[in-house]
Amino acid sequence: MRIAVASGKGGTGKTLVATSLAISLAEQKKPVQLLDCDVEEPNAHIFLKNKPNAEETVFLPIPQVDYGLCQYCGKCAEVCQFNAIALMKRTLVIFPDVCHSCGGCWHLCPADALKPVAREVGTVEMGQSDPIKLVSGRLKLGTHISPPVVKAVREKEDPASIIIIDGPPGSSCPVMTAVAGTDYCILVTEPTPFGLNDLVLAVEMLRVLGVPCGVVINRDVPGQDIIDRYCEMQGLPVLMRIPLQTQIARAYAKGIPLVESDPTWRAKFLELYQRVAGEVVS
Amino acid sequence: MKELTIISGKGGTGKTSILGAFATLAGKSVICDCDVDAANLHILLQPNIKETHDFYGEKKAEIVPELCTNCGKCEELCQFQAIQQGQINPYACEGCAVCYHVCPAGAVNIKPHLSGQWYISETKWGPMVHAKLGIAQGNSGLLVNMVRKKAREIAREQSLPLIISDGPPGIGCPVISSLAGTDMALIVTEPTVSGIHDLERIVKVAAGFGCVSAVCINKYNLDEYNCRYIEDLAERLQVPVIGRIPYDLTVTEAVLQGIPVTTLGKGDAQGPIQELWQQVGNLLGVR
Ligand code: SF4
Ligand code: SF4
Ligand code: SF4
Ligand code: SF4
């Protein structure tokens, strides 16, 4: 079972839901793996107090020129769709930040003067905060293209576990990489026009990807039913509500998972899991 | 002409609410929403759309089935697994054109792809440039560039002294596009361990652009210990903390009403937001 936790916008409580769900399942002696795919700002390890015990570097290939072979024909610059390589007089300038590692230049260079070399774009950290296996990706500062790091985290998926994916915010490429191919996506939102606006975008994206989804309303206020009305219209289940309470916000601020600051939430998160599992089967 | 961009590292820190308030305090300026993935500023400023433009930011490959000989060459060389059994998945295709160049049968076309729309609008507080990235489209950085370019053109045409931009969360490509060439980055954070954790990364990213940076702590009284921690951290990173805004439910009330919090005329956040704006003005040198 692969469950993604996402939200159109950041700061809605995605990590709160993902970590509390993982902890509640782990306490039931279920094997749980939490993948922190919010590689621009990975935060799940803070809540799990996880010390990584292994780290791998994520590399992407970028071109390197062998001037002994280059004929200064300019073909590489011509084929590059991203202006990542330029021929200036008798020098080839390569801009790694905009290179998409498509391989066009080194496949098409007529003189075989280019070869791919590895460039570090991020890291994947693995840790066991018993009994949760945590895998976190971290985009290297100064690099901007995060989907390859998200992919590297997802390559660590362990099919024997319940896999919970804490996704990045937004609804474009990094999120799509994080949720594609999952069995279900829990969307966390808040009952404001901001929350609704971003939820609509996330739901549309998930429909394109063919991933079924349901909604958790965070900072819920009775009577503020803007999200409920949308869910009803769209036939989306409201899976859980987390009320707007200062003590919840304060515990979150201190980095304490909800199920630890208030253990009565454990049963509710297990129920959330059961509902999701039921939705996946049906 | 000066440009202020509000960024946050982590999302949901109240960036958009603060920018909406600034729009009402700044005097006529160009307002710009660079969070094209999940634009929200229009909810507060209720822009009246004057112009809608299609955005063809990316290219995508297309295979002409009549010409394709199923040799498999394109599939083998596509680095993005976008071609499977002679079919191109447009969501995976990055438009690199490798398939086009290697196809021996000339069966591949590379076509511009409609990936979103951008708008020029009027608000009560000045012209606004904003955009909507299409569903499940990539490369929002290019759309951000477009929005900022238009904002600068409008500022020049109408001789407006200031552009204020709502940036996207994170540190990835749309953030980079939002910061390039801006005069000041205002980093909005909150006193949570996640906020602390993200601050250092976003400060370093902003520093790479050589603009003036400053920090504002939103909901500072949620956790006074973490708030002091952020102040110390900011000092170590050599960025000034120029504002502390209290946790105030009227900020949410304003969002619910679809208005900037400053026009609500009540709540504890009002005074501190106005002071913050003064500080921003001083640092930007616009008054
Ligand atoms: S395509 Fe090859 S030979 Fe031509 S300029 Fe580029 S590196 Fe040199
Ligand atoms: S690998 Fe692709 S994107 Fe990078 S320089 Fe070569 S052609 Fe350009
Ligand atoms: S343009 Fe590039 S990414 Fe798209 S299908 Fe062709 S090789 Fe793959
Ligand atoms: S390389 Fe050209 S001919 Fe070969 S499978 Fe691809 S599109 Fe068809």
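Which helix of chain A holds Leu201(A)? Leu201(A) is found in helix α7 of chain A, and the views below begin with the chains and then turn to this helix. The model is predicted, local features need pLDDT of at least 70, side-chain atom pairs count only at pLDDT 80 or more, and totals for chains, interfaces and linings use all residues. Residues are numbered from 1 along each chain as its sequence is written, chains are lettered from A and ligands numbered from 1 in the order in which they are written, and side-chain values use heavy atoms, with hydrogens and water left out.

**Figure 1. Chains A and B.** Chain A has 11 helices and 11 strands, and chain B has 10 helices and 13 strands. Helices (H or I, at least four residues) and strands (E, at least two) are DSSP runs, numbered from the N terminus. Along its principal axes, the C-alpha trace of chain A spans about 70 × 40 × 35 Å; for chain B the spans are about 70 × 40 × 35 Å. Of the 282 residues of chain A, 59% count as buried, while buried residues make up 57% of the 287 in chain B. Buried means under 20% relative accessible area, exposed over 50%, and partly exposed in between, with a 1.4 Å probe and protein chains only. Among contacts in chain A between residues at least 6 apart in sequence, 74% join residues at least 24 apart. In chain B, residues 24 or more positions apart account for 78% of the contacts with a separation of 6 or more. Contact means heavy atoms within 4.5 Å.

**Figure 2. Helix α7 of chain A.** This helix, residues 193–209, has 17 residues and reaches 25 Å from its first C-alpha to its last, close to the 24 Å expected at 1.5 Å a residue. The expected span is 1.5 Å times one less than the number of residues. Because 12 of the 17 residues of α7(A) are buried, the helix is largely enclosed by the rest of the structure. Among the buried residues are Phe194(A), Leu196(A), Leu199(A), Ala202(A), Val203(A), Met205(A) and Leu206(A). Leu201(A) counts as buried at 9% relative accessibility. Just after α7(A), Gly210(A) takes a positive phi of about 70°.

Figure 3. Ala6(A) is found in strand β1, residues 2–6 of chain A, and is buried, with a relative accessible area of 2%. Not counting residues up to four places away in sequence, Ala6(A) touches Lys14(A), Val179(A), Cys185(A), Ile186(A), Leu187(A) and Val188(A). Ala6(A) and Leu199(A) are 193 residues apart in sequence and 9.6 Å apart in space, C-alpha to C-alpha. Leu201(A) and Gly8(A) are 193 residues apart in sequence and 6.5 Å apart in space, again C-alpha to C-alpha.

**Figure 4. Crossing of helices α1 and α11 of chain A.** The axes of α1 (residues 14–27) and α11 (residues 265–281) come within 9 Å and cross at roughly 95°. Axes are lines fitted to C-alpha atoms, for helices over the stretch in contact, and angles run from 0 to 180 degrees between N-to-C directions. The two helices α1(A) and α11(A) are therefore roughly perpendicular to each other. Angles under 35 degrees count as roughly parallel, over 145 as roughly antiparallel, 65 to 115 as roughly perpendicular and the rest as oblique. Residues of α1(A) in the contact include Val17(A), Leu21(A) and Leu25(A), and those of α11(A) include Phe269(A), Leu270(A) and Tyr273(A). The residues of this contact divide into seven nonpolar, two polar and two charged. Ala, Val, Leu, Ile, Met, Phe, Trp, Tyr, Cys and Pro count as nonpolar, Asp, Glu, Lys and Arg as charged, and the others, Gly among them, as polar.

Figure 5. A residue is near a ligand if one of its heavy atoms lies within 4 Å of the molecule. The residues around ligand 2 include Cys80(A), Cys99(A), His100(A), Cys102(A) and Cys105(A), and by class this shell has eight nonpolar, three polar and no charged residues. Ligand 3 is surrounded by residues including Cys78(B), Cys93(B), Glu94(B), Cys96(B) and Cys99(B); the shell divides into nine nonpolar, one polar and one charged. Of the 13 residues around ligand 4, Cys68(B), Cys71(B), Gly72(B), Cys74(B) and Cys103(B) come nearest.

**Figure 6. Positive phi in two loops.** Lys29(A) has a positive phi of about 65° although it is not a glycine, and its place is in the loop between α1 and β2 (32–36) of chain A. Lys29(A) counts as exposed at 75% relative accessibility. Gln85(B), in the loop between β5 (83–84) and β6 (87–88) of chain B, has a positive phi near 50°.
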